[in-house]
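Dear colleague,

Please find below the structure that I am handing over to you.

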Amino acid sequence: DMPTLDTIAGLVTIAGQPFNVADGAAFTLTGDTVHSDINNDGVLLLRDNSSTLNGLVTNTGTFSLESYINANVFVTINSLFTNQGLITFDNVYDAGARNETLIAVGGLANEGTVRSMQSAGGGTQRIDGDFVNASGGVLDVDHTLTIRGINIDLSSGTVDVASGQELLLQ
């Protein structure tokens, strides 16, 4: 089993040196604030409520926004977010429509995979902020995804939209 740390009630504030989630480890944020840079090589799970990440975020592992227990997920990243791994948006709570929103104030540079999906209930999935799908980047839309930003660049990489789903650019 992988080592796991869950902040549960959203009472944790992390500051100081870069915060590293090692390969093979998992860390869950539930309405928390991180003031340092984040290097994620493992699993960083953002569940229910609003979390704020104030440093640079580099993902080479799995970065997952997940509506889990009857709540929406809003994650604000106030610096550049570079994805070289996997970002997922998922509602695993089957009792209703929940929303997963990533607010990328500093923009999102995707060199890995961004995947929208619905394991259970309905809801909306959205990225707010500039978005660049770089060479080698994959945007995999298995549930309708909205990207709202001034600069949205999908000219490189791969964009795959499942039958019956939509990629909405606003």
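**Surface and overall make-up**

The chain has an accessible surface of about 7,500 Å², and carbon and sulfur atoms account for 49% of it (Shrake-Rupley method with a 1.4 Å probe; for residues, only the protein chains shown count as cover). Please note that this is a predicted model, in which local features need pLDDT of at least 70 and side-chain atom pairs count only at pLDDT 80 or more, while totals for chains, interfaces and linings use all residues. Residues are numbered from 1 along each chain as its sequence is written, and side-chain values use heavy atoms, with hydrogens and water left out.

The chain contains 23 strands and zero helices (DSSP runs numbered from the N terminus: E, at least two residues, for strands; H or I, at least four residues, for helices). Of its 170 residues, 45% count as buried (under 20% relative accessible area, with exposed over 50% and partly exposed in between; 1.4 Å probe, protein chains only). Taking contacts (heavy atoms within 4.5 Å) between residues at least 6 apart in sequence, 43% join residues at least 24 apart.

**Strand pairing**

Two strands are said to pair if DSSP finds at least two bridges between them. Strand 3 is joined to strand 6 (residues 38-40) in the parallel sense by three bridges, and F19 stands opposite I38 of strand 6.

Strand 11 has parallel partners of its own. Five bridges link strand 11 to strand 8 (residues 49-53), with L53 and I77 as bridge partners. Another five bridges, again in the parallel sense, connect strand 11 with strand 14 (residues 100-104); here V73 has E100 as its bridge partner.

Which residues does L53 contact, leaving aside its neighbours within four places in sequence? They are L29, V34, I38, F63, V75, T76, I77 and N78.

**Aromatic residues**

The whole structure holds two aromatic pairs (rings of Phe, Tyr and Trp, the last by its six-membered ring, with centres within 6.5 Å; planes under 30 degrees apart count as stacked, over 60 as edge-to-face and the rest as tilted). The ring centres of F63 and F81 are 4.8 Å apart and their planes lie at 50°, so this pair is tilted. Because F63 belongs to strand 10 (residues 62-67) and F81 to strand 12 (residues 81-83), the pair ties together parts that are 18 residues apart in sequence. F63 counts as buried at 0% relative accessibility, and F81 is buried with a relative accessible area of 0%.

F27, in strand 4 (residues 26-29), is buried with a relative accessible area of 5%. Its C-alpha atom is separated by 5.1 Å from that of L44, 17 residues apart along the chain.

With kind regards
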